[in-house]
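Please keep the sequence and the structure in view while reading.

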Amino acid sequence: MKYLLCGVAAISILTACDQTGVDTPEDISEITLREGDAAEAPDVISAMMLTNSGDGMITYASKEVDGASATFSNLTVEGMDGFTADSLVFEGLDMVDGQASFSRMSFSGLSFSDPEAADTTNMGVGEIELINPSPALSAWVASALGTGEPADFPAVQDISFDAWSVSDVSGEYSGSDGEGTYAISSLQLRDVENQRAALAELTGVTFDIIGEGDMNFKGGLDSMSIAGSDLSFLTAIQENAGDEDAMSAAIMSVMMQNPMEPGYDRIALDNLTFEGEGMSFAVPSLDAYIERNDDGQPVSYVTEPFSMTLNADADGGEVGAGLAQGFSMLGYDGIEIRGAGKSDYDPEADVLTSEAADNYFELVDGARFSYGGEFIGYSAFNEQLVASMDMENLAEGGEPDPMVMQQALGALQVGNFELRITDDGLVDRVFNVVATQQGQDPAQMRAQVAQMMGMAPLMAQQAGVDPAIATELGTALSSFIQEPKTLTIMLDPEEPISMESVAAMEDPSMLTKSYLGLSASNK
């Protein structure tokens with residue numbers, strides 16, 4: 001039984017770790033239970049060592065068999081003191097290729113407690129349910145109920161099921177490191193097949209913990225869902241268990257096999273909160289999704305407008321006092337970050353494009369940073385980079401070979417690039433802080449910095465840089481510092497710029513304003 005609960009944890013990892021897919025929530029199938037075979041039910045029950053109470057690890061008070069279904073009530077488990085369950089129900093019992101199988105398993109009314117331990121834990125689970133598992137997974141569950149060592153956990157490619165869920169989880173703990181309570185309304189994984197999951201969803205998470213120094217933190221999450229998940233990277237974990245370096249290298253290799261595959265079709269989050277000791281952090285919502293062509297290839301990456309807030313109460317605790325001091329230096333009581341993103345990808349041409357109007361991060365009452373551009377050979381660059389890297393060396397903290405980077409840059413070109421900084425008070429705030437710290441007048445310091453920008457052409461000429469570049473940038477920056485509006489820096493060359501050529505240039509004077517198509521302004 002303890003192995004079965006470990007298996008539940010393993011399937012939980014499948015829920016939490018996702019990488020790609022073509023399914024969307026609309027593709028989730030209706031569940032139809034396999035009927036099973038009433039004539040084979042006794043053989044399945046025997047294989048699970050449930051014919052009599054105590055044959056295997058499970059002891060039960062009563063058993064009821066109805067056709068291809070069986071219900072066991074008031075359960076305890078050998079070697080697991082403090083564990084009880086109200087019922088264990090199997091439906092659709094039958095034998096598949098000589099192995100025990102079922103269409104539905106439901107554990108209900110689970111309770112875990114260990115009041116005698118130094119670190120006490122009490123947890124309740126309303127239900128754990130598994131529907132229409134693959135024969136390999138069914139057989140493993142059956143073996144986990146016995147008294148001996150269970151069969152090896154199935155290979156990732158052999159795991160499939162229509163649904164797996166855990167509902168109504170609540171618990172509390174107390175020990176030397178602290179105490180707390182937590183709850184989860186539901187955790188579910190739907191339509192897992194061919195190393196893909198149509199949907200992973202977590203709802204109703206709350207926690208309230210007291211740690212070292214009696215610091216109290218609490219928070220929650222209304223819901224989080226991931227649609228279209230590729231679980232194939234779990235094979236790398238399974239095949240390299242016991243060797244952390246090899247596992248890390250294998251995971252990195254799998255994840256970079258297709259650099260344009262982000263790992264999901266849609267991620268949605270609703271009402272994430274975390275607060276304590278005078279600090280509060282919140283993300284009201286997040287919605288990021290991928291649009292695909294008929295071949296399932298990503299062609300657009302979208303993050304809808306989102307926001308997050310971080311507020312501080314200097315009197316609320318140590319954390320809040322520290323944050324409030326930092327915020328007050330810039331004249332903030334708290335900060336709000338907003339953002340959005342949209343990039344389009346042409347898989348045939350291997351071109352990634354984005355517009356500055358659609359991609360931004362904004363510090364409210366500070367500044368908005370917008371960016372966009374055209375990158376040619378983006379996927380090829382990443383593929384070549386990864387293919388020539390020593391993943392195990394990187395996993396151990398090694399540095400990439402500069403020559404490898406140089407070779408990979410041969411695939412990457414920049415068609416254009418744009419950066420915009422729209423000021424909404426941030427420049428004033430920064431100069432006020434820096435000038436105050438140095439005992440200067442903010443207006444005077446601003447004038448001095450603007451004057452230094454005016455000297456940029458002379459300094460650039462001495463360094464061998466095209467003076468036209470320094471003049472263009474220096475004029476725009478000087479204007480932005482004195483009267484901040486929207487600073488725009490653009491690269492719009494007549495021909496795409498080869499990043500390999502730029503990296504190989506030994507004479508900086510060859511990198512001219514005309515070659516880059518550089519322009520800069522403050523308007």
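The model described here is predicted. The points below begin with this loop residue and then turn to helices, a strand residue and aromatic rings.

- Leaving out residues up to four places away in sequence, M510 touches M505 and Y515.
- The C-alpha atom of M510 is separated by 7.8 Å from that of D466, although the two residues are 44 residues apart along the chain.

**Two packed helices, α11 and α13**

- Two packed helices are described by the angle between their axes and the distance between the axes.
- Helix α11 covers residues 442-454 and helix α13 covers residues 467-482; they pack at an angle of about 170°, and their axes are 8 Å apart.
- Helix α11 is therefore roughly antiparallel to α13, since angles over 145 degrees are placed in that class.
- From α11, the residues R446, V449, A450 and M453 take part in the contact, and they meet G474, L477, S478, I481 and Q482 of α13.
- By residue type, this contact of α11 with α13 divides into 5 nonpolar, 3 polar and 1 charged.
- An α-helix has 3.6 residues a turn, so residues three or four places apart point the same way.

- The buried residues of α3 are L137, S138, A139, W140, V141, A142 and A144.

**The strand residue D94**

- D94 lies in strand β4, which runs over residues 94-96.
- D94 is buried because its relative accessible area is 12%, and the limit for a buried residue is under 20%.
- A polar contact of 3.1 Å joins the side chain of D94 to the side chain of R34.
- When neighbours within four places in sequence are set aside, the residues in contact with D94 are R34, G36, D37, E40, V44, Q99, A100, S101 and F102.

**Aromatic pairs**

- The count of aromatic pairs comes to 7.
- One of these is the pair of F90 and F102, which is edge-to-face, with 5.2 Å from centre to centre and 70° between the planes.
- F90 belongs to strand β3 (residues 83-91), whereas F102 is in the loop between β5 (99-101) and β6 (104-113); the pair links distant parts of the chain, 12 residues apart.
- F90 is buried, with a relative accessible area of 1%, and F102 is buried as well, with a value of 0%.
- The rings of F207 and F274 have centres 6.0 Å apart and planes at 35°, so this pair is tilted.
- F207 sits in strand β10 (residues 196-210) and F274 in strand β12 (residues 266-276), and their pair links distant parts of the chain, 67 residues apart.
- F207 is partly exposed, with a relative accessible area of 26%, and F274 is also partly exposed, at 31% relative accessibility.
- F207, F217 and F274 are linked into a cluster by ring pairs.

How values were computed:
Residues numbered from 1 in each chain as written. Predicted model: local features only at pLDDT ≥ 70, side-chain atom pairs only at ≥ 80, totals over all residues. Heavy atoms only, no water. Axes fitted to C-alpha atoms, helices over the stretch in contact; angles between N-to-C directions. Helix = DSSP H or I, 4+ residues; strand = E, 2+ residues; numbered from the N terminus. Parallel < 35°, antiparallel > 145°, perpendicular 65-115°, else oblique. Contact = heavy atoms within 4.5 Å. Nonpolar A, V, L, I, M, F, W, Y, C, P; charged D, E, K, R; others polar. Buried < 20%, exposed > 50% of the residue type's maximum accessible area, 1.4 Å probe, protein only. Polar contact = N/O pair within 3.5 Å; in protein donor to acceptor, adjacent residues only side chain to side chain. Phe/Tyr/Trp six-rings, centres within 6.5 Å; stacked < 30°, edge-to-face > 60°.
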